[in-house]
Amino acid sequence: MAQPYIDTDECSGCGICVDTCPNGVLDIVGSTASVINEDACDECGECMEECPLGAIEVDED
Ligand code: SF4
Ligand code: SF4
């Protein structure tokens with residue numbers, strides 16, 4: 001199962017991906033986005049599309 005990869009050097013912690021994800025996979029931990037529930041990720045790619053900084057990648061099979 002793929003999971004989102006977050007480039008914490010690029011992530012601003014804006015939270016857009018957290019609000020975008022329909023499955024509650026992501027949350028802000030400290031100052032950046034983190035994967036808190038990887039098993040729930042269905043690889044829809046919405047977080048990657050919405051991130052303004054290109055800081056999140058999802059391998060879509
Ligand atoms: S790919 Fe979809 S389900 Fe997975 S973390 Fe991103 S928005 Fe959530
Ligand atoms: S949308 Fe991008 S910059 Fe914003 S919290 Fe998510 S990964 Fe970080």
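Phi of glutamate 43 is near 60°, a positive value in a residue other than glycine. You will find glutamate 43 in the loop between E3 and helix H2 (46–50); helices (H or I, at least four residues) and strands (E, at least two) are DSSP runs, numbered from the N terminus.

Before moving on, a word on what is loaded. This is a predicted model, in which local features need pLDDT of at least 70 and side-chain atom pairs count only at pLDDT 80 or more, while totals for chains, interfaces and linings use all residues. Residues are numbered from 1 along each chain as its sequence is written, and chains are lettered from A and ligands numbered from 1 in the order in which they are written.

**Zoom out to the whole chain**

Switch to a cartoon view and you can trace the pattern β-α-β-β-α-β along the sequence, made of two helices and four strands. The C-alpha atoms fill a box of roughly 25 × 20 × 15 Å along the principal axes. Of the 61 residues, 16% count as buried.

**Select glutamate 46**

Step into helix H2, where glutamate 46 lies. Glutamate 46 is partly exposed because 15 C-beta neighbours sit inside 10 Å. Beyond residues up to four places away in sequence, glutamate 46 touches Thr20 and Cys21. Now pick the C-alpha atoms of glutamate 46 and cysteine 17: they are 7.8 Å apart in space, though 29 residues apart in sequence.

**Select the core**

Next, show Cys17, Cys21, Val25, Leu26, Ala33, Cys47, Cys51, Ala55 and Ile56, the nine residues of the largest nonpolar core. Such a core is a set of buried Ala, Val, Leu, Ile, Met, Phe, Trp, Tyr and Cys residues joined through C-beta atoms within 7 Å. Click on cysteine 47 in this set, and leave aside residues up to four places away in sequence: its contacts are Pro4, Cys17, Thr20, Cys21, Leu26, Ile56 and Val58.

**Select the ligands**

Which residues come closest to ligand 1? Among the 14 that surround it (C-beta atom within 6 Å), they are Cys21, Val25, Cys41, Cys44 and Cys47. This shell divides into eight nonpolar, three polar and three charged residues. Around ligand 2 there are 13 residues, with Cys11, Cys14, Ile16, Cys17 and Cys51 nearest; here the division is ten nonpolar, three polar and no charged. In these classes Ala, Val, Leu, Ile, Met, Phe, Trp, Tyr, Cys and Pro are nonpolar, Asp, Glu, Lys and Arg are charged, and the others, Gly among them, are polar.

**Finish at the hairpin**

Select strands E2 and E3 (residues 32–35), which pair in the antiparallel sense over four bridges; pairing needs at least two DSSP bridges. Glycine 30, in this hairpin with two residues between the strands, takes a positive phi near 70°. Aspartate 27 belongs to E2 (residues 26–29) and stands opposite serine 34 in E3. Its contacts, again without residues up to four places away, are Val18, Ser34 and Ile36.

Notes:
Buried ≥ 20, exposed ≤ 12 C-beta atoms within 10 Å, placed from the backbone. Contact = placed C-beta atoms within 7 Å.
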